[in-house]
Amino acid sequence: MSPEPAPVPRPPLDATRVREVMKNRGMGDLWVSQATGSTNDDLVARSKAGPLAHLSVETTEHQVAGHGRLGRGWETPDRSSLAISIYFRPDAGFDPAGLPWLSMLCATAMVQALNERTGLAAGLKWPNDVVAGGFKLCGVLAQLVLTPEGPAVVVGAGLNVSQERAELPVPTAGSIALLGGRTTDRSELMAGYLDKVADLYGAFAAVHGRAGEPGPGDALSLRQAIARHMVSIGHQVDAHLPDGTVLRGTAEDLGAEGALILRDSAGKLHHVLAADVFHLRRSDGNYA
Ligand SMILES: Nc1ncnc2c1ncn2[C@@H]1O[C@H](COP(=O)(O)OP(=O)(O)OP(=O)(O)O)[C@@H](O)[C@H]1O
Ligand SMILES: O=C(O)CCCC[C@@H]1SC[C@@H]2NC(=O)N[C@@H]21
């Protein structure tokens with residue numbers, strides 16, 4: 001009989017390491033709790049209680065009441081996954097049209113960090129999921145917050161790191177450990193993710209109004225940086241809409257307004273907004 005595989009170690013997060021990256025990238029404060037309901041909720045509450053520094057971050061070792069898109073739940077077991085929420089408050093005021101972009105920006109940052117750090121071929125399942133090997137590794141949730149200083153955004157990412165199969169809630173979910181990723185070091189993964197968020201934010205700010213040195217190609221470069229990682233492009237997909245109908249088409253590109261551009265069988269183009277999609281699935285039955 002072969003011995004049971006050794007369980008993946010689950011050490012505590014090294015907050016010093018994460019803080020160092022945040023300091024180097026000019027980010028805000030970091031709060032780490034042992035357990036909480038939802039890191040998004042915590043950051044929203046903080047932002048309403050007093051001014052927060054732009055790019056402040058909330059994380060927890062154990063999130064017990066995480067939430068996902070459209071009111072779905074999100075499971076983040078103790079030390080085996082990451083729940084990271086980031087506060088975005090552009091100096092020049094936040095244009096709410098930027099909300100889907102911030103969500104896609106964070107998902108893309110996670111894709112880039114996973115590709116570099118774990119060696120997994122991660123991709124973006126538009127609008128807000130990060131997948132690898134046909135499994136969902138990470139989900140992203142952006143929330144608009146009305147703070148006393150004006151509108152701001154909290155974007156939370158939940159990353160499955162070292163869960164075993166039985167610890168994942170649905171068959172379409174995967175973890176870095178299950179997929180054989182090179183590292184399950186949550187501190188490294190978190191630092192890598194925040195570093196990529198800081199990189200991509202420059203391109204976002206050029207378009208959506210934070211003082212900076214926008215280059216003329218920045219609007220395009222953000223869209224291209226995101227589109228490059230979208231796994232649906234070139235595949236036939238079914239967009240399940242809130243009214244129960246399904247729009248089927250080949251995913252062609254990411255539109256200027258953040259919409260998925262689908263071409264139906266009659267050749268007609270449809271711009272589908274994230275807010276209008278209940279589920280996006282490949283028409284061939286594969287998850288991603
Ligand atoms: N740790 C987790 N990993 C993956 N899925 C999770 C996890 N915790 C909860 N879930 C839930 O499992 C379900 C998985 O749905 P799935 O992501 O496959 O649907 P989806 O339509 O692709 O999601 P989305 O609306 O985010 O695109 C969702 O309800 C999701 O919130
Ligand atoms: O796939 C989804 O529907 C999005 C899941 C988002 C989960 C993250 S975990 C950190 C943050 N806190 C929450 O309550 N939700 C997000």
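Predicted model: local features only at pLDDT ≥ 70, side-chain atom pairs only at ≥ 80, totals over all residues.
In what order do the five strands of the open sheet with antiparallel pairing lie?

The five strands are arranged in the order S13-S12-S11-S10-S14, and they form an open sheet with antiparallel pairing. Strand S13, residues 269-272, and strand S14, residues 279-282, are the edge strands, and each of them pairs on one side only. On average, neighbouring strands of this sheet are turned by 45° against each other, with direction ignored.

Strand S11 covers residues 246-254 and strand S12 covers residues 260-263; the two pair in the antiparallel sense over four bridges. Aspartate 253 stands opposite isoleucine 261, a residue of S12.

## The seven-stranded sheet

A further open sheet consists of seven strands with mixed pairing, in the order S1-S2-S5-S9-S8-S7-S6. Its edges are formed by strand S1 (30-33) and strand S6 (122-125), each of which pairs on one side only. Neighbouring strands of this sheet are turned by 20° against each other on average, direction ignored.

Strand S7, made up of residues 129-132, pairs in the antiparallel sense with strand S8, made up of residues 135-147, and four bridges connect them. Here alanine 132 stands opposite phenylalanine 135 in S8.

Two helices are described in turn. Helix H3, residues 99-118, packs on the sheet and touches strand S5 (81-88), S6, S7, S8 and strand S9 (150-160). The direction of helix H3 makes about 145° with that of S8.

Helix H4, residues 186-208, also packs on the sheet; the strands it touches are S1, strand S2 (57-60), S5 and S9. Its direction makes about 25° with that of S5.

Which residues come nearest to ligand 1? There are 18 residues around the ligand, and Arg72, Gly73, Asp129, Lys136 and His279 are the ones that come nearest. Asp129 belongs to the residue range of strand S7 (129-132), and His279 to that of edge strand S14 (279-282).

Polar side-chain atoms approach oxygen atoms of ligand 1 at several residues. For aspartate 129 the distance is 2.8 Å, for arginine 69 it is 3.1 Å, and for asparagine 128 it is 3.5 Å. On its own, ligand 1 has 610 Å² of accessible area, of which the protein covers 90%.

Methods. Residues numbered from 1 in each chain as written. Chains lettered and ligands numbered in written order. Heavy atoms only, no water. Pairing = 2+ DSSP bridges. Axes fitted to C-alpha atoms, helices over the stretch in contact; angles between N-to-C directions. Contact = heavy atoms within 4.5 Å. Near = heavy atom within 4 Å. Polar contact = N/O pair within 3.5 Å; in protein donor to acceptor, adjacent residues only side chain to side chain. Areas by Shrake-Rupley, 256 points an atom, 1.4 Å probe, with all protein chains shown as cover.
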